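Visitor: Could you show me how to read strand pairing and helix packing here? I would like the general idea each time, then the case itself.

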Amino acid sequence: MHQLSLLLVATALASVAAVAGLVVWNLRAGFSDYLQVQDGEHLTRLMEAAERDLSRRSVMPTDWRPVLRDWLDAARVSSGRGGPAEPLPEAEPPPPREAGADRRPPPEVRRDPPGRRDPANFGPRVVVLSADGQTPLAGRREMVNRPGQVRAVKVSGQTVVLLRLADRAGPVEGVDASFLRRQYVGLALVGGGVLLVALLLAWRVAVRWARPLAQAQEAARRIAAGEFEVRLPTPRDGAGASEIAGLHGDINAMAASLSRLESSRQRWIAELSHELRTPLAVLRGEVEALVDGIRPLDKAAVVSLQDEVKRLSRLVEDFHLLATSELRALPCDFDEVAPAALLQAAVERVLPRAKALGLAVESAVPAVLPAARWDAGRISQLLANLLENSLRYTHAPGRVKLSARAVGPAVEVRLEDTPPGVPAADLERLFDPLYRVDPSRSRAFGGSGLGLAIARAIAQAHGGQLRAEPAALGGLAVVLTLPVRPS
């Protein structure tokens with residue numbers, strides 16, 4: 001939870017900082033360009049005021065400082081700002097006056113109130129240079145070395161002096177600096193507010209995500225400890241609800257699957273011990289009877305012992321086969337076979353046993369079916385298990401019918417019998433190992449409950465399917481679908 005909160009907070013902080021930095025940079029660059037254009041316009045108005053003033057003079061002035069102040073006043077009036085410019089410091093000692101030069105008294109220096117002074121520090125940044133641009137005539141000398149803009153003041157097409165406006169020392173000066181500072185403060189306040197809201201939202205989202213994630217973590221720990229009954233609730237609608245709901249659903253499905261596997265494992269152990277205990281008990285009883293002399297050691301006793309050993313061996317082999325199929329696909333030797341011949345041979349093998357049980361076996365297998373590439377031994381075992389299941393549980397007198405047909409690139413085999421049938425709720429579990437619809441009757445019929453499970457494993461090893469459904473004859477129908485060319 002803490003890591004998720006810190007991650008969201010760091011993301012929000014980085015995003016706000018990046019946006020604020022971009023906005024500040026863009027504002028600074030754009031405002032600087034705007035001020036450059038503004039300075040150029042003011043310098044142009046100053047040049048026009050200077051040309052008008054010089055064109056009225058008959059003699060060029062010798063002291064350019066008061067002239068520059070007059071030009072600045074005229075430029076401010078033309079720009080609509082009003083009021084005279086503040087006095088400029090001397091650039092250098094003025095040259096001596098010559099006879100006949102302009103002897104008009106310098107204009108009186110007027111002091112503007114603080115609010116009326118030059119807000120952009122325009123006047124102190126202006127320097128009057130000689131026509132060749134080498135000699136400063138008025139203005140601050142240090143402004144000459146700063147980059148800036150230049151305008152030529154011409155009279156009758158001849159350049160008289162140059163007006164040079166130095167760029168601002170910083171991004172902005174004067175009232176423009178105040179404006180920019182106000183923008184920065186506003187951006188800082190907005191950024192702080194956005195950051196605060198983002199942090200609150202990040203904390204809320206982190207808390208909302210962390211709770212179901214913590215539940216999932218706790219559930220995973222409990223499942224790992226063997227508590228397979230654990231189930232997680234579905235999260236409410238909100239941020240990340242679909243992803244977390246999917247995670248909770250997967251964990252619930254995993255717990256349910258593990259619960260089923262654990263139940264199956266326990267049932268396997270119980271059934272296996274039960275199935276092995278019966279022939280072992282019979283063997284032990286007969287051996288003890290022979291040892292105690294209760295039963296004579298004759299051929300009949302030996303045959304009985306041999307039958308129990310065969311039953312025990314068959315049961316162990318069946319368990320081994322099923323265990324192998326659970327770990328990997330059953331090993332099969334695929335070869336070209338004739339499906340019709342395999343089916344007919346399987347029917348012929350059970351005819352004597354069916355006749356002894358009072359059952360009729362019908363075969364509706366066509367003479368020709370598509371050639372297939374199967375493991376003949378495994379398919380024969382599968383068919384034998386299916387037929388044995390029908391013979392074992394069909395009441396006499398009854399019928400067992402085997403039919404087959406080609407369905408596209410597969411062969412469908414259908415085995416039906418007469419009552420009794422199987423309840424619909426038990427059809428899906430018929431192929432589970434050791435499952436019996438009526439456990440009390442299994443031993444009387446000699447079944448171990450593994451035949452159908454082995455048949456399904458063989459079908460799956462061939463890429464096929466095995467399913468059960470109610471039969472038209474009133475009993476059980478088992479449908480086997482096998483591709484003729486398993487992948």
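Guide: Glu412 stands opposite Thr481 in β11. This is a predicted model, where local features need pLDDT of at least 70, side-chain atom pairs count only at pLDDT 80 or more, and totals for chains, interfaces and linings use all residues. Residues are numbered from 1 along each chain as its sequence is written, and side-chain values use heavy atoms, with hydrogens and water left out.

Visitor: In which sense do β9 and strand β11 pair, and over how many bridges?

Guide: Two strands pair if DSSP finds at least two bridges between them; strands are DSSP runs of E with at least two residues, and helices are H or I runs with at least four, numbered from the N terminus. Here β9 and β11 (residues 476-483) are antiparallel, with seven bridges.

Visitor: What does β9 form with β8?

Guide: A hairpin, with two residues between the strands. Gly408 in that turn has a positive phi of about 65°. β8 (residues 398-407) runs antiparallel to β9 over eight bridges, and Leu402 has Leu415 in β9 as its bridge partner.

Visitor: Why is β9 described as largely enclosed?

Guide: Buried means under 20% relative accessible area (1.4 Å probe, protein chains only). Seven of the eight residues of β9 (residues 410-417) are buried, so the rest of the structure largely encloses this strand.

Visitor: Which residues of α7 and α9 meet?

Guide: Contact means heavy atoms within 4.5 Å. Among the α7 residues are Ile379, Leu382 and Leu386, and α9 brings residues including Leu452, Ile454 and Ile458.

Notes:
Buried < 20%, exposed > 50% of the residue type's maximum accessible area, 1.4 Å probe, protein only.
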